[in-house]
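Subject: Side-chain contacts in the model

Hello,

Here is the structure we talked about. Please load it and follow along with the notes below.

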Amino acid sequence: MGAACSPVYRNNGYVPTDEDLAKVVVGKTTREQAAAAVGRPSAEGLLEGSAWYYVGSRWKYLGPFAPREVERQVVAISFSTRGIVTNVERFGLEQGEVVTLSRRVTDSNIKGVGFIRQMLGNIGNFDASQFTN
């Protein structure tokens, strides 16, 4: 198989690494400290300012075929009304189902799970402008 037939993978969007997210302490980190640790997302305020969402995807390019999205992750950081981090969660899509890849929470009643399903369920049809104000 020649080099022209080898797949090329590219990442789009931004999802904080686990190392960066470790700097965000549930129950202690403020909104400003979270911004300094992981940066502000491009799709802020989707739940009336109470959560930040980071969306990242991995695309496969193979020769003349149209690029195909092969993976998408969403990281959600939720804040209390006082601006303190309450939840840090990473979601992915496995066999068409939304799965929690990691979770640090003070409140197990996740308010935005339907929204997360919508973001992940559109795999292959993602347009970042859908999630900006």
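A salt bridge here means a side-chain nitrogen of Lys or Arg within 4 Å of a carboxyl oxygen of Asp or Glu. Arginine 72 and glutamate 69 form one, at 2.7 Å from N to O. Arginine 72 is buried, at 1% relative accessible area. Glutamate 69 is buried too, at 7%. Bear in mind that this is a predicted model.

The structure has three salt bridges. Another joins aspartate 18 to arginine 90, with the closest N and O atoms 2.9 Å apart. Aspartate 18 belongs to helix 1 and arginine 90 to strand 5, so this pair ties together parts 72 residues apart in sequence. Aspartate 18 is exposed, at 52%, whereas arginine 90 is buried, at 8%. Lysine 23 also bridges to aspartate 20, at 3.4 Å between the closest N and O atoms.

Next, the rings. The whole structure holds two aromatic pairs. Tyrosine 14 and tyrosine 54 have ring centres 5.8 Å apart and planes at 75 degrees, so they pair edge-to-face. Tyrosine 14 sits in the loop between strand 1 and helix 1, and tyrosine 54 in strand 3, 40 residues apart. Tyrosine 14 is partly exposed, at 37%; tyrosine 54 is buried, at 1%.

Tryptophan 52 and phenylalanine 79 also pair edge-to-face, 4.9 Å centre to centre, with 65 degrees between the planes. They link strand 3 and strand 4, 27 residues apart.

Which charge sits over the ring of phenylalanine 79? The charged end of arginine 31, 4.3 Å from the ring centre. Arginine 10 lies over the face of tyrosine 61, at 4.7 Å from the ring centre.

Best wishes

Terms used. Residues numbered from 1 in each chain as written. Predicted model: local features only at pLDDT ≥ 70, side-chain atom pairs only at ≥ 80, totals over all residues. Heavy atoms only, no water. Helix = DSSP H or I, 4+ residues; strand = E, 2+ residues; numbered from the N terminus. Buried < 20%, exposed > 50% of the residue type's maximum accessible area, 1.4 Å probe, protein only. Phe/Tyr/Trp six-rings, centres within 6.5 Å; stacked < 30°, edge-to-face > 60°. Lys NZ or Arg CZ within 6 Å of the ring centre and 35° of its normal.
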